[in-house]
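Welcome, and please open your viewer. We will go from stop to stop, selecting a few things at a time.

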Amino acid sequence: MLYLELLIQGLVQGGIYTLIALGLTLVYGLLRILHVAHAALFTLGGYLGVILTNATGSLALAMVLTMLVTGVVGMGVYRVAYQPILDKPPYVALIASIALFIASEEIYRLVFGPYGLSYDAPPLQGVIDLFGSGMYLKQAELLVLAGTGAALIGLHLLSTRTRIGIAWRATVTDPEMAASFGIRTQRVRYLNFFIGSALAAAAGVMVALLNNLVEPTMGSVPSYKALAIIVLGGIGSIRGTLIASLALGVIESFGTIYLGSLLDRDAIAFAFLILVLMWRPQGLLGRT
Amino acid sequence: MGYEITLATSMCISVVFALSLNLITGFCGQISLGHAAFFGVGAYTAALSSQAGLAFPLDLLAAAAAAAVFGFIVGLSSLRVRHDFLAITTMGFGFLFLGVVRQQDWLGGEMGISAIPGSGLSKLGYLGFVAAVAVAVALFSAYLKRSWLGFSFAAIADDEDTARVVALDVARYKLLAFVLGTAIAGIAGGLYAHHVRFISPDSFGFVESIAVLSMVIVGGIGSVPGVVFAALVLTALPLWFQVIEDYKLLLYSALLFIMMQLCEDGIGGLMRRLMQGRRRTT
């Protein structure tokens, strides 16, 4: 029973990781930028979710608005922070991104206060008895699992069934070739940032539901953990990101029980990452 | 006066630390996001060995040796993964170090190690010692950059595959860069342990790794005078900014962001362009 419970907790955490890391892997696939500031959008999503839910009283409405607004902010981040430095060495964008992330944490602290916010009446806190087996799952946790599944199916349909999705995949494969076929690669990049940021915002709202708390530093763990995940999965591979996120979630949840006296949660995740990279330098599903 | 001496000592330790990363990232082109771990290995080694009775300057050598051993291991990973993958792997080593230290009682766990013996020198004397180390490391870096070894490092930083084609033993030079750089970081850590005389895992985290990387990048990656200048200024800056306490980090990160947008080759690159401009006009 304990095993099953740990497994489900791990999958819920893995679902959150997936939603955050998807945007990151999309950005890396397209621009080869390690977008640390992605976690800033996750935090923004958490704040907007709580504020809008408290204002409108509807979680669904708040979720949609949050994803839209954060998506647009993500496009702004691309325009202001990355577009001017795309042709410079990769470490430039990395440092700019880290600086932006630190600045964002400070801005959240100054604007929303250092102690964080909570829902007035936290929604989806009821528990469901799973299979009548005496195993309980919070509704919010179920939402995470369903949301992750929906995001993956949506992304799959978008990238295989729509014109913009095909343009997107073409641009990832070879930007110059795509441009020569008349694809407006600039538009693809904006779309990329919009979708990635909206997914991170959704993850932010869900984490806020699970903990009933948003605080300025809630993005600092995801900021580096998500980087580890996209590298682990094989950079630019969506399937790899999914597998890596879920695997990391499960390994952390078992590891903290069985290895907790030796290593803390982050160290377990990174020990796993290093072992995998020494075995497969290109990541689990990466191509050389 | 005591405050100024303490600040100056911290600034000199930062110079040693930043130059050690500059050797790996600047000269040899191997990015590291976990450099604070080696600083930490040095600090813990110096703290424990001096508590065990090792005399002051000798325990710095122990710190350098311990850090170099870990540097060698991380260096081995740089033979397997490159660029962004290496950045994430080194970041992983940083977290692994923190995770292990936090859970080990003999390393003080979360509480850290306190009552580390001092250097036996007066405050001013210790500043003199640290400054001498900083100058020595700076001169060594400048020498290294012009040497045959530095030339090989530059070739690897430029294009690893081409370096291999012209029969450079890339693996050996990379390992050497990691061992040298991390040994110096270990010395910096040892100096830090004797300076503050209390260490805890929080002083060697991801933020510190980023801070030292920003010193190297703001200074101009690979430029020795630039990195020295950036290490001095960026260490003193947060303290000068204490007047505007609440906005300190915001200002610091905004500066870094603007720097990256406007002149990514840092102070060193800026100086170089100024000099070239002057030469062209004359």
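Predicted model: local features only at pLDDT ≥ 70, side-chain atom pairs only at ≥ 80, totals over all residues.

Residues are numbered from 1 along each chain as its sequence is written, while chains are lettered from A and ligands numbered from 1 in the order in which they are written.

**Stop 1: two loops**

Select A:R32, in the loop between α1 (2-31) and α2 (38-56) of chain A. Helices here are DSSP runs (H or I, at least four residues), numbered from the N terminus. A:R32 is not a glycine, yet has a positive phi of about 60 degrees. Is A:R32 buried, exposed or partly exposed? A:R32 is partly exposed, because 14 other C-beta atoms lie within 10 Å.

Now move to B:A167, in the loop between α7 (160-165) and α8 (170-196) of chain B. B:A167 is not a glycine either, and its positive phi is about 70 degrees. With 7 other C-beta atoms within 10 Å, B:A167 is exposed.

**Stop 2: a pair of helices**

Show α1(A) and α9(A), which pack at an angle of about 65 degrees with their axes 9 Å apart. Axes are lines fitted to C-alpha atoms, for helices over the stretch in contact, and angles run from 0 to 180 degrees between N-to-C directions. α1(A) and α9(A) are therefore roughly perpendicular to each other (65 to 115 degrees counts as roughly perpendicular). Among the residues that meet are A:Y17 and A:I20 in α1(A), and A:P222 and A:K225 in α9(A). Residues are in contact if their C-beta atoms, placed from the backbone, lie within 7 Å.

**Stop 3: where the chains touch**

Show both chains. The contact takes 34 residues from chain A and 31 residues from chain B. On chain A, α4 (90-112), α9 (220-233) and α11 (265-279) each supply at least two residues. Which helix gives the most to this side of chain A? α4(A) does, with 13 residues.

**Stop 4: inside α4**

Finish at A:L94, in helix α4 of chain A. A:L94 is buried, with 23 other C-beta atoms within 10 Å. Select A:K138 too: the C-alpha atoms of A:L94 and A:K138 are separated by 37 Å, and the two residues are 44 residues apart along the chain.

Methods. Contact = placed C-beta atoms within 7 Å. Buried ≥ 20, exposed ≤ 12 C-beta atoms within 10 Å, placed from the backbone. Parallel < 35°, antiparallel > 145°, perpendicular 65-115°, else oblique.
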